[in-house]
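The sequence and the structure are shown first, and the description follows.

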Amino acid sequence: DLLDDRFRSPEEIKDQLRVPVLAMVRSLTVKAQDGLDALQVHVSPSSVECEAFRTLRTTLAFSGQETNRLAVTSTEPSDGKTTILANLGVSYAQAGKRTLLIDADMRKPGLSKLLKLRKLAGISDILRLDQDVASLCNEVVRSTGVENLDVIPVGPKPPDPAELLSSARMSQIVAWAETNYDQVLIDCPPVLAASDSVLVGRLTDGVLLIVQPEKNHRRLVFRAVESLAAMQVTLQGVVVNRV
């Protein structure tokens, strides 16, 4: 443990963190870096790698808890949270659920970059302006090209993301999304990088924590879980990535 404090198995993650492991995602094989071609579930829905996202969708559906509004975060940057969120969104859409992805990572917006929506108006505009939230949401929401799947991009980078996300307008955005969609997935910054994920997590039914065992140090994952618990944010479970 002194030399290498990384998790060695999903069972170890479950036992030590005392949270369920919802799914184990393999390393994905898509060659594209962005656009729909970068989403494994869209490009090759029958591949073995995609079964993990269907498993995750099913596990959440039968968890016995409300999971219609979920925030997705990780311990550190580059853990693959945005890729998992986008593929999970496609999986929900393929199941016939009207699904909305929201890029709330105003510090390093991976989802907007992944879907080639970086320079468009988005959630930061809704939070900064004084106009009606519902009308602004209808203006900025974009179709992804996948049936039943829409996205709200991040918009221009603001100087004060945490203040915007803690405003009443953010809860109004989540309420609008819940009214108009069956499933809402919100991409948040890593827990240890900013408080944004906690602010968003409190407005949702819970948080999915993406853990990459070969990369994440155990003590940092513990700290992330403790941060969520300290703010009374529901941790739905862990998704193990790049197994």
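Which residues does Ile102 touch, not counting residues up to four places away in sequence? In this predicted model, Ile102 is in contact with Leu111, Ile123, Ile152, Ile173, Ala177, Val184, Leu185, Ile186 and Asp187.

**Nonpolar cores**

Ile102 and Ile173 are the residues with the most contacts inside the largest nonpolar core, which has 43 residues. Helix H9, spanning residues 168–180, supplies the largest share of this core, with 5 residues. Another core lies apart from it and has 32 residues, including Ala52, Phe53, Val72 and Ala93.

**Helix H4**

Helix H4 covers residues 81–94 and has 14 residues. From its first C-alpha to its last, H4 reaches 20 Å, close to the 20 Å expected at 1.5 Å a residue. Because 12 of the 14 residues of H4 are buried, this helix is largely enclosed by the rest of the structure. Among the buried residues are Lys81, Thr82, Asn87, Ser91 and Tyr92, together with Ile84, Leu85, Leu88 and Val90. Ala93 is also one of the buried residues of H4, and Ala93 belongs to the core of 32 residues as well. Just after H4, Gly96 adopts a positive phi of about 90 degrees.

**Aromatic pairs**

A pair of aromatic rings is described by the distance of the centres and the angle of the planes. The count here comes to 2 aromatic pairs, given in the table.

| Pair | Distance of centres | Angle of planes | Arrangement |
|---|---|---|---|
| Phe7 and Phe222 | 6.2 Å | 70 degrees | edge-to-face |
| Trp176 and Tyr181 | 6.0 Å | 65 degrees | edge-to-face |

The pair of Phe7 and Phe222 links distant parts of the chain, the two residues being 215 residues apart. Phe7 lies in the segment before helix H1 (10–17), whereas Phe222 lies in helix H11 (residues 218–230). Phe7 has a relative accessible area of 5% and is therefore buried, while Phe222, with a relative accessible area of 26%, is partly exposed.

In the other pair, Trp176 counts as buried at 10% relative accessibility, and Tyr181 counts as buried at 8%.

**Charges over rings**

Which residue lies over the face of Tyr181? That residue is Arg98, at 4.5 Å from the ring centre. Arg218 lies over the face of Phe7, at 5.6 Å from the ring centre.

How values were computed: Residues numbered from 1 in each chain as written. Predicted model: local features only at pLDDT ≥ 70, side-chain atom pairs only at ≥ 80, totals over all residues. Heavy atoms only, no water. Helix = DSSP H or I, 4+ residues; strand = E, 2+ residues; numbered from the N terminus. Expected span 1.5 Å × (residues − 1). Buried < 20%, exposed > 50% of the residue type's maximum accessible area, 1.4 Å probe, protein only. Core = buried A, V, L, I, M, F, W, Y, C linked by side-chain atoms within 4.5 Å. Contact = heavy atoms within 4.5 Å. Phe/Tyr/Trp six-rings, centres within 6.5 Å; stacked < 30°, edge-to-face > 60°. Lys NZ or Arg CZ within 6 Å of the ring centre and 35° of its normal.
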